[in-house]
Amino acid sequence: MEAAVGAAKAAQEMVARSQKLEALGRLTGGIAHDFNNLLQTMSTGLQLALRLSQDRRGTSALEACQRAVLRATQLTRQLLSLGRRQAGHEAVLDVEKELEDLGPLLRGAAGSAIELVFDVIQPLGTVKVDPVHLELALLNLVMNARDATSGQGRIVIEAAIHDKQEALPRGLAVGSYLALTVADEGEGMTAEQAARAFEPFFTTKEVGKGTGLGLAQVYAFATQAGGTVSLASEPSRGTRMTIWLPQSTQHADVAPTEAGSQSSTPAERCSGKVLLVEDDDLVREVTAQALTAHGFSVITAPTADAALEMLQADAEVDVVLSDIVMPGTRSGVDLARTLAVLRPALPVILASGHPVRIEEAPDVVFVPKPYDVDRVARKLASAMDAARAGADSEFATLDGLTRSAGNAR
Ligand SMILES: Nc1ncnc2c1ncn2[C@@H]1O[C@H](COP(=O)(O)OP(=O)(O)OP(=O)(O)O)[C@@H](O)[C@H]1O
Ligand SMILES: [Mg+2]
């Protein structure tokens, strides 16, 4: 009886917490979107300036700015992830492989003076989550553990499957879960700190050292995936933070190979005509400049409507790079869908600062804003190559068909 009341209370608390996060997420979502456009202008402008800069001191100053933009990007992602449903960017991940891939990143975050150990009980199976947010959540936990051990000692990352109900935290539905624990032997938390740890903006760190968003992100990520987070901590003994994620019954998705992303197409060799659709004047201006510096010829449109008009007036274009959320009657997704009918051979790449659903336009490549303009340039080049190759192979099969039809006669 007591246990049932406790479980109901825990479930209620979980709902209240999610609702608070969702309200905050809506509030910050709009701000984060504007920030993404500002960051996009800065990162592209810096990249362009770096390409043009001859002076070594200038270069190192620009690189410092780039690191600041990267940090701001991470913070913005953190804000955007609060209370949002991330449907559309989920993937079925092979957990063992994912942990192996994340090893270097997490070791880097822990710092060289800390021993980072993996304690994995195989097999771990698969989970269905947004890989970007899983990475961010583990990074947040490892950075907290690093801060708690003041940069020295040992951090253990444990991974195991649990399906016995007694082993699961209260409030979780019966089932099989992946438990990812980050354990440290650092300063630990008092009961009051532990009770507030997941609150957005709760931090005990100095100004500039912490924003108090890390654990809010971890919590939002885990609950949106159908799991939760549990914590055990004792002052001066250490902390164990565990992310619980429901096991998936699906096979892992095969990671999409980004054609051309490995081969370093020299930026100078890019050619072809890009239609850049972007409503933010600054982003449009600087991106057009950067793409031109890569060798593309670029024409621009401020809305999807204007872009369609240009294309219907027979603008010669090899590839379209479009924002998603824009004023006018059409979004970037609508534009991609219309073009799939009007100009099926024309490749479209969509970019957005919003975590959007793009199932409606499954054939397009999606890049989150702010994007790295060099990488986008490579994506544009390989999309053009693929479109050309596709056109060639279409001719080839048509040719084959006519020939076999001829033979049959
Ligand atoms: N491993 C840990 N050991 C001790 N205290 C912790 C640990 N993890 C979190 N805390 C406490 O919880 C607070 C909130 O953590 P959270 O990650 O949300 O924010 P932050 O680390 O302060 O800032 P941010 O992650 O945004 O840079 C921390 O300030 C700290 O007091
Ligand atoms: Mg933190």
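Predicted model: local features only at pLDDT ≥ 70, side-chain atom pairs only at ≥ 80, totals over all residues.
**Exercise 1.** Determine which residues surround ligand 1 and how they divide into nonpolar, polar and charged.

*Solution.* Begin with the shell itself, which holds 18 residues, the closest being Asn144, Thr203, Thr204, Lys205 and Thr211.

**Exercise 2.** Identify polar atoms of the protein that lie within 3.5 Å of an oxygen atom of ligand 1, and state how much of the ligand's accessible area the protein covers.

*Solution.* Start with the side chains: Asn144 places a polar side-chain atom 2.8 Å from an oxygen atom of ligand 1. Turn next to the backbone, where a polar atom of Gly212 is 3.0 Å from an oxygen atom of the ligand, and where an N or O atom of Leu215 lies 2.8 Å from an oxygen atom of the ligand. On its own ligand 1 has 600 Å² of accessible area, of which the protein covers 94%.

**Exercise 3.** Locate ligand 1 among the pockets and helices of the model.

*Solution.* The ligand sits in the second largest pocket. The elements that contribute two or more residues to its shell are α4 (131-148) and α6 (214-224), and α4 gives the most, with three residues.

**Exercise 4.** Decide whether Thr338 is buried, partly exposed or exposed, and describe its position relative to Leu308.

*Solution.* Thr338 belongs to helix α9 (residues 332-342). Because its relative accessibility is 25%, Thr338 counts as partly exposed. Finally, Thr338 and Leu308 are 30 residues apart in sequence, while their C-alpha atoms are 8.6 Å apart in space.

Methods
Residues numbered from 1 in each chain as written. Chains lettered and ligands numbered in written order. Heavy atoms only, no water. Near = heavy atom within 4 Å. Polar contact = N/O pair within 3.5 Å; in protein donor to acceptor, adjacent residues only side chain to side chain. Areas by Shrake-Rupley, 256 points an atom, 1.4 Å probe, with all protein chains shown as cover. 1 Å grid on protein atoms, 1.4 Å probe; cavity = no way out; pocket = protein on both sides within 12 Å on 5 of 7 lines; lining within 4 Å. Sits in = over half its atoms within 2 Å of the grid points. Helix = DSSP H or I, 4+ residues; strand = E, 2+ residues; numbered from the N terminus. Nonpolar A, V, L, I, M, F, W, Y, C, P; charged D, E, K, R; others polar. Buried < 20%, exposed > 50% of the residue type's maximum accessible area, 1.4 Å probe, protein only.
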